[in-house]
Amino acid sequence: MDDLYHAFKNNSMVLEEVKKPSDIVKAAILKMVNPSVEIGLDVSEEYPILADSHHLSEAIYNLIKNSVDSIEQKAGTDGNVRVRLYIQGQNQIFDPFYSSKNSKKSWGIGLLYVEQIVRGHFGEISVESSVGEGTTFYVAIPWYRKL
């Protein structure tokens, strides 16, 4: 709890190169004491990342623990937790001046604008697309609750 408090209060995360991100996940899994469900790790490819290993491991541990607790609370339910590491595809549609339309009227900044506006509202935007099937955009804006 002390680490969490200091991370928020002091913004004390230090990002360093981590050559094997799976090591961070493995450290989180090892913190689980006698889990009642199977916890697995699937790794397709690994590339270095910038991370604060300690804090990222704690965050992943929290997600795993919440998942295990949720499964345990549902009596008689079998379950398992899978952590999957994969390379997320590079999506150029949010890059400035990228356009598949190639016209004098399409400058390739519309989706960049959308992304900036969504992020400016503390939100996230993602996209799923399949050739010939369609494209789905997901926009998540956090709700506001006045205290």
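This report covers a nonpolar core, salt bridges and a hairpin.

The model is predicted, so local features need pLDDT of at least 70 and side-chain atom pairs pLDDT 80 or more, while totals for chains, interfaces and linings use all residues. Residues are numbered from 1 along each chain as its sequence is written, and side-chain values use heavy atoms, without hydrogens and water. Helices (H or I, at least four residues) and strands (E, at least two) are DSSP runs, numbered from the N terminus.

**Core.** A nonpolar core joins buried Ala, Val, Leu, Ile, Met, Phe, Trp, Tyr and Cys residues through side-chain atoms within 4.5 Å. Buried means under 20% relative accessible area, exposed over 50%, partly exposed in between (1.4 Å probe, protein chains only). The largest such core has 17 residues. The largest share, five residues, comes from α3. M32 is among the residues with the most contacts inside this core.

**Salt bridges.** The whole structure holds six. Each needs a side-chain nitrogen of Lys or Arg within 4 Å of a carboxyl oxygen of Asp or Glu. Three of them follow.

| Pair | N to O distance |
|---|---|
| E38 and R82 | 3.2 Å |
| R82 and D42 | 2.6 Å |
| D69 and K65 | 3.2 Å |

E38, D42 and R82 form a linked network. R82 is partly exposed at 42% relative accessibility. D42, at 31%, is also partly exposed. D69 and K65 sit four residues apart in helix α3, about one helical turn.

Strands β5 (residues 124-130) and β6 (residues 134-140) pair in the antiparallel sense over seven bridges. Pairing requires at least two DSSP bridges. E124 has A140 as its bridge partner in β6. Three residues lie between the strands, and G132 takes a positive phi near 80 degrees.
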